[in-house]
Amino acid sequence: MKIRILLIFILIAQLANSQITLTDYFIVNNERVEIEILKTDGKYKIKMSKGGDNKEFVIGNNVGDFYDFRKQFRKSVYVELLGKSLIEGHADYDISILKRVDEEAESTYYSFANNLRVLDDLEYKPKTGDLKINDQIPVYMKKKVIGTIFKDKLEDEAKKEFKSKVVELDNLIQADYTNNLQSIIKLANELNIEEYENISTASETLSVKETNSKTLIAELLSFKDKYKKYRQQYVKVLMSQYENTKDSAPFTYLIIDEVQVEFYKGFLEIIKVNGHFKCNDDMKFNCAYIPSFLKDETSITFTNLYGIGFTSRTNYKRLDNVRLYINQANKQFRDVDINILGEEQRIYEKKLREEFFIRMDDIMVYDFYVNKLTRDFSPMDQKLTVKGGEKLTLTKEQTRKILEVEVFSDFEGFDADTPNGLIQMELSKHFNINTKRIDASRPFKFISEGWGLFQYTEIVGGITKIEDNQRRLNPERIDTEVLSNDGITTVIDAKRYTTPTDLLNYRDWYIGQDFNLLLIDNPNLKHQFHINGGLRFNRTAIQDSIQTVGADNLKEEQYSLSYWTFYPEFLMHILPEERYGFYAMWRPNYVHLASDRVEFKSLADPVTGFRRKVSNWMNEFEFKGYVDVGSNGQLFLRWRLFHEMGYSANNFSQIQLGFSFYLLGRNKESLN
């Protein structure tokens with residue numbers, strides 16, 4: 001056991017500093033030629049093999065010239081592996097095979113050689129795009145809210161507009177009633193003058209209609225009650241059109257002083273925009289309607305409500321739909337009339353604070369880079385600060401940070417009677433799928449600010465048993481006498497039984513995939529809620545009671561049992577800050593055997609022999625706390641409980657203390 005544990009730690013150490021090999025193959029002259037490119041002692045080497053024959057050549061410490069590369073490739077493959085001649089006219093000269101080898105030489109050079117940086121530099125960070133922050137952007141409000149703020153102003157303008165149109169109508173009637181009739185009717189309809197509609201549809205002659213029209217307009221222009229009535233009707237119609245719309249409109253300008261952002265797993269988790277209103281012209285920038293305590297470069301902070309997807313072209317296209325609202329303002333109170341100050345406070349709290357917003361696509365422009373086979377344009381996980389008007393070039397994580405592995409010890413494994421693996425490890429990789437999130441409607445604001453469907457998938461694999469102690473499961477054997485096919489001879493039918501609990505408890509390794517179905521994000525309550533689905537392919541080592549003939553004597557038969565687990569997953573992730581966090585998870589597993597060598601049956605009562613009905617469903621509960629220990633990785637403590645659904649007495653638990661680190665190299669911080 002000690003030797004196996006030592007070997008696994010040696011393997012981990014080697015992987016953390018190991019060379020990387022690129023491999024491929026091609027078919028020529030009905031022969032399969034394997035290609036392997038690696039770097040040793042600072043030089044690139046190409047190995048080729050066909051059957052049992054092997055050839056290799058050294059490129060050097062750089063890619064070099066293509067024609068020199070092709071020359072060496074020809075010699076190794078065409079001449080030495082395939083036994084052909086480069087001399088035209090020779091019996092072994094074959095132009096078609098030579099062309100095929102040259103094609104593969106070119107393909108190898110431009111596909112592998114262009115990626116040799118992966119072999120050479122685990123610190124390589126592909127550029128993802130240029131992030132530019134604008135220095136001045138509009139601040140928006142809903143038009144209906146603007147209408148209530150501008151109410152007095154709009155009423156005055158509407159009254160003036162009504163009078164000017166009535167004067168225009170009078171001029172049309174006085175100038176040429178007959179020829180201007182269509183324009184007169186149109187303008188009267190705009191003014192919503194019901195009496196004029198009666199005049200225009202009456203059966204009198206044009207001269208009578210003209211007389212009646214002039215009389216009506218004269219009465220309107222005399223400022224009598226009739227004029228006031230129609231003027232108020234006109235104002236109400238215009239105001240209702242303006243206030244009932246849900247469309248937004250620019251209200252004023254914000255000067256951006258500074259923007260702070262945090263990128264995490266393909267999301268812009270937090271964006272904080274600090275700026276001040278542009279208030280050097282009360283009329284031009286609507287500053288007359290902005291409270292005095294928000295003027296004179298008073299700092300205003302806008303923030304997002306939930307994580308913003310930042311991986312795909314569609315995400316960047318939809319940034320215009322993402323809004324940031326006022327989070328706080330550094331109010332600067334000045335000597336103003338107390339009554340005015342009270343009214344300003346009311347307007348700010350009731351209308352401005354909740355209704356002012358800025359748009360993401362106004363704040364920033366992300367010019368993403370087009371790289372080969374790149375579909376995720378998000379930058380590495382990081383925090384950064386950008387001044388208004390500045391631009392930064394962002395990159396991906398270093399190559400060595402692509403894979404992260406967790407190594408942990410199960411304290412239950414120290415008990416000699418338990419099969420829990422003393423040393424275990426798990427490797428996982430997170431892939432974003434759909435990074436679009438949607439605003440939660442008001443009734444659900446308490447539990448969620450934003451939610452999304454099919455956000456990600458994770459591929460995971462693990463080794464759960466290394467040492468020899470309690471390594472193999474011994475299934476229960478029941479022998480039954482049955483008649484053979486001839487109906488005369490009695491034979492023994494030996495069947496093996498176990499429970500899903502024991503099968504999972506003795507598991508050697510597994511590999512599988514999780515799929516996110518729903519993610520609910522609530523930064524205010526510092527948590528995310530995930531509903532996932534997934535599957536695992538599992539293997540458990542079996543030691544049968546049936547004996548077979550070995551090299552020297554009889555020994556018990558050993559084999560491995562395959563089975564699947566399918567499950568939904570409900571996970572709560574608490575995120576108080578970047579240094580530590582907590583998970584709570586429930587996963588009901590359905591265990592499906594992929595073998596007929598063992599069957600599921602509950603254990604027999606030692607006194608009565610009674611066997612209850614066994615369930616294929618297993619409850620799995622997990623609680624995990626983790627702490628980031630600087631640049632060295634992450635330390636975590638995890639407790640798991642597995643028990644048979646409907647019979648919790650059949651259970652086992654795990655208490656795991658572990659450490660996560662990057663598989664391909666040092667856990668060293670590296671920022672853009």
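Thr-499 lies in the loop between β22 (490-498) and α14 (500-505), where helices (H or I, at least four residues) and strands (E, at least two) are DSSP runs numbered from the N terminus. Thr-499 is buried, with a relative accessible area of 2%; buried means under 20% relative accessible area, exposed over 50%, and partly exposed in between, with a 1.4 Å probe and protein chains only. Leaving aside neighbours within four places in sequence, Thr-499 is in contact (heavy atoms within 4.5 Å) with Phe-600, Lys-601, Ser-602, Leu-603 and Asn-650.

This is a predicted model, in which local features need pLDDT of at least 70 and side-chain atom pairs count only at pLDDT 80 or more, while totals for chains, interfaces and linings use all residues. Residues are numbered from 1 along each chain as its sequence is written, and side-chain values use heavy atoms, with hydrogens and water left out.

**Nonpolar cores**

- In soluble globular proteins, nonpolar side chains tend to be buried together.
- A nonpolar core is a set of buried Ala, Val, Leu, Ile, Met, Phe, Trp, Tyr and Cys residues joined through side-chain atoms within 4.5 Å, and the largest one here has 49 residues, of which Ile-271, Val-273, Met-360, Ile-363 and Met-364 touch the most other members.
- Strand β7 (residues 248-264) gives the most to this core, contributing seven residues.

**A buried loop residue, Phe-377**

- Phe-377 is found in the loop between β13 (364-368) and β14 (382-387), and it counts as buried because its relative accessibility is 6%.
- Although Phe-377 and Gly-129 are 248 residues apart in sequence, they are 7.5 Å apart in space, C-alpha to C-alpha.
- Not counting residues up to four places away in sequence, Phe-377 touches several residues, including Thr-128, Phe-310, Arg-313, Tyr-316, Tyr-366 and Lys-396.

**Strands and their pairing**

- Strands of a sheet pair through backbone hydrogen bonds, either parallel or antiparallel; two strands are said to pair here if DSSP finds at least two bridges between them.
- An open sheet of three strands has the order β13-β5-β15, with antiparallel pairing, and its edge strands are β13 and β15 (391-395), each of which pairs on one side only.
- Strand β5 (residues 127-133) is joined to β15 by five bridges, and the two run antiparallel, with Leu-131 standing opposite Leu-392 in β15.
- Strand β19 (residues 450-453) has a covered face made of Gly-450 and Gly-452, and an uncovered face made of Trp-451 and Leu-453.
- Strand β18 (residues 438-439) pairs with β19 in the antiparallel sense over two bridges, and Ile-438 stands opposite Trp-451 in β19.
- Four bridges join β19 to strand β23 (residues 507-522), again in an antiparallel arrangement, and Gly-452 stands opposite Leu-519 in β23.

**Salt bridges**

- The structure holds 21 salt bridges, a salt bridge being a side-chain nitrogen of Lys or Arg within 4 Å of a carboxyl oxygen of Asp or Glu.
- One of them joins Lys-331 and Glu-349, whose closest N and O atoms are 3.7 Å apart; this pair links distant parts of the chain, with Lys-331 in the loop between β11 (323-329) and α12 (338-355) and Glu-349 in helix α12, 18 residues apart.
- Lys-331 counts as partly exposed at 24% relative accessibility, and Glu-349 is partly exposed with a relative accessible area of 39%.
- The side chains of Asp-514 and Arg-536 meet in a salt bridge (3.2 Å, N to O), which links Asp-514 in strand β23 with Arg-536 in strand β24 (residues 527-549), 22 residues apart.
- Asp-514 counts as buried at 7% relative accessibility, and Arg-536 is buried with a relative accessible area of 7%.
- Arg-597 forms a salt bridge with Glu-557, the closest N and O atoms being 2.7 Å apart.
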